[in-house]
Amino acid sequence: MTAELQAPARSLGSWTIGIVGMAGLAAIIAGVYTSREVLVAVAVAMAAAVGIGWPHFLRIPAKKTLAAVIAVPGAGAAVAAGLAPAPGYLDWTPAFIALGMMAVFIVQLLRGTGQAQRLESTLGCCAGVLLACLGSGWIAGARFNGVREMLLVAAISAAVALLAGLIRWPDSVVAPLGIVMAGLAGPLAGLVLSDIAVLPAAIFGVVVGAVLASFRRLATLRGAPLNVPAALSMGLAPVSAVGSLAYFIDKLLIY
């Protein structure tokens, strides 16, 4: 029996993921409507939380080292997105993703041969690096054309999908429900809050709902209760990914 299962008092139910995600979205939107510096600070804190908790979610060895390997590139990508000149807000993000993934491989090499869960650690932590760095998309989206309402629409669609994920029904029911509700919330929010066209907002809502439904399924497949770092990471990782989705959909379909 693992330490996580031996300490139920420190374990959290999967519903906590939704609450953490909602809090992360609220912090992001507060940063969007406050200042670029505040938004960068929120994105850095989100990358740190994803990095610290992701190894706990994966239940892999070398948690502290791999947490730093995930968190530092994510924080660097956020800072770079805040400082990069227009229009290349995300020009440095691929470099930080590559550096983080190379660092993951170096850590696994330094662990030596015959270590437990090397493949799981490598693949899982590479995914964690990607998720941590995608949070820079929130900053790029806020800087792109100055239309903050687009990010608010993105946050509302994500919040609706997260709320749907709190329903204690099977994934086969909750997943399509969350996708449909997010797809409806996007255009409704766009019509009320801005002049964003219905079709792009609906497409964005569906994509966000699908992403968040996949993360809910990932948490369900884990099978064990989440400790605090794992719950923080799983709640904020999809929120981080939504930032880059919002930025690219804004560029491709709306702007």
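Buried here means under 20% relative accessible area, exposed means over 50%, and partly exposed is anything in between (1.4 Å probe, protein chains only). The model is predicted, with local features needing pLDDT of at least 70 and side-chain atom pairs counting only at pLDDT 80 or more, while totals for chains, interfaces and linings use all residues. Residues are numbered from 1 along each chain as its sequence is written, and side-chain values use heavy atoms, with hydrogens and water left out.

With a relative accessible area of 16%, aspartate 171 is buried. Arginine 216 is buried too, whereas arginine 217, at 40% relative accessibility, is partly exposed. A search of the whole structure turns up 2 salt bridges. One joins aspartate 171 to arginine 216 at 2.1 Å, N to O. Aspartate 171 sits in helix H9 (residues 171-193) and arginine 216 in helix H10 (residues 198-222), so this pair ties together parts 45 residues apart in sequence. Helices are DSSP runs (H or I, at least four residues), numbered from the N terminus. Arginine 217 also meets aspartate 171, at 3.0 Å, N to O; that pair again links helix H10 with helix H9, 46 residues apart.

Note on methods. Salt bridge = Lys/Arg side-chain N within 4 Å of Asp/Glu carboxyl O. Helix = DSSP H or I, 4+ residues; strand = E, 2+ residues; numbered from the N terminus.
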